[in-house]
Amino acid sequence: MAAVFKRALKLLIGTDPSTRDLMYAKKARPLGRLTERELLQLESEIGSQLFGDIPKGHRRSFFNLDPKTWIWHEEWLEDGTLKQATTRYEVHEQGVLKVQEGARYEFLEGQELDNLTLAAQMYYERVMREIYKRDPQTGQNLS
Amino acid sequence: MSEFPQYQPAHEGTELSSGDELDFMKPNPNLESLAVIRAARDAHAAALSKEAALETHEILPVPLPSLAEIGDKLDETRRQYREAA
């Protein structure tokens, strides 16, 4: 892994990428002992898979940060330079506000809102089943 | 012969003259047209409902949670995990 990617990943996830995979070894480290940040990283692994194949050289994160915030982060190398884009979706009573650096805030509507809602629903289904081992409908343990 | 239910005009201006008898066996143009209208309306509503369900993914057997509900549930699930650790 290129050094620049390692540094970028460390900035993003807050840990050394070379040791990061160890966190996902659930048998080696029980899920219950993970910090909230580590749980979010696990969720983001699932979130990144919801939108099909990730282009080579790209890294994608999609996760629920807190009850009112969803994060989409994407980074890639372009002409040897690391590019990245982060979009924050804030859930307000009057709608979902899309916040991007350098762009004006706007409430989502139409197809984009539908797409986000569907992605969040898929995320919820998979995260509840695959990480927390719970029934998404009832919240009860699956086992 | 079945007893016809009490007649309740759907629209003003529909009147029955005294002595008229209503039963299922006797052709009644008003009821026939009403049945046709109802059948057409039900078919139309069913078609619309199916289209809407497909468009909004409500074809799934259970209602899907909203964005706000999902956020709350995930937050609560994480909290429970942290507390159980």
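The side chains of Glu43(A) and Arg78(B) meet in a salt bridge, with 2.8 Å from N to O. A salt bridge here is a side-chain nitrogen of Lys or Arg within 4 Å of a carboxyl oxygen of Asp or Glu. The count between chain B and chain A is 1 salt bridge. This is a predicted model, in which local features need pLDDT of at least 70 and side-chain atom pairs count only at pLDDT 80 or more, while totals for chains, interfaces and linings use all residues. Residues are numbered from 1 along each chain as its sequence is written, chains are lettered from A and ligands numbered from 1 in the order in which they are written, and side-chain values use heavy atoms, with hydrogens and water left out.

**Interface**

Across the interface of chain B and chain A, 6 residue pairs are in polar contact, both residues at pLDDT 80 or more. A polar contact is a pair of N or O atoms within 3.5 Å; within protein, one must be able to donate a hydrogen and the other to accept it, and residues adjacent in sequence count only if both atoms are side-chain atoms. Chain B gives 19 residues to the contact and chain A gives 30 residues, where contact means heavy atoms within 4.5 Å. The area buried between the two chains is about 2,200 Å², with 64% from carbon and sulfur atoms; buried area is the accessible area (1.4 Å probe) that two parts lose on being put together, summed over both. In chain B, Leu67(B), Arg78(B) and Tyr81(B) lose the most area to chain A, together 36% of what that side buries.

**Sheet of chain A**

Chain A has an open sheet of 5 strands in the order S1-S2-S3-S4-S5, with antiparallel pairing. Strands are DSSP runs (E, at least two residues), numbered from the N terminus, and two strands pair if DSSP finds at least two bridges between them. S1 (58–66) and S5 (106–107) stand at the edges with a single partner strand each, so one side of each lacks a neighbour in the sheet. S4 (residues 95–100) and S5(A) pair over 2 bridges, and Leu97(A) stands opposite Phe107(A) in S5(A).

**Two buried glutamates**

Glu74(A) lies in strand S2 (residues 69–78) and Glu90(A) in strand S3 (residues 81–92). Glu74(A) is buried, with a relative accessible area of 10%, and Glu90(A) is buried at 17%; buried means under 20% relative accessible area (1.4 Å probe, protein chains only).

| Residue | Partner | Distance |
|---|---|---|
| Glu74(A) | His58(A) | 3.2 Å |
| Glu74(A) | Trp72(A) | 3.4 Å |
| Glu90(A) | Arg88(A) | 2.8 Å |

Terms used: Helix = DSSP H or I, 4+ residues; strand = E, 2+ residues; numbered from the N terminus. Buried < 20%, exposed > 50% of the residue type's maximum accessible area, 1.4 Å probe, protein only.
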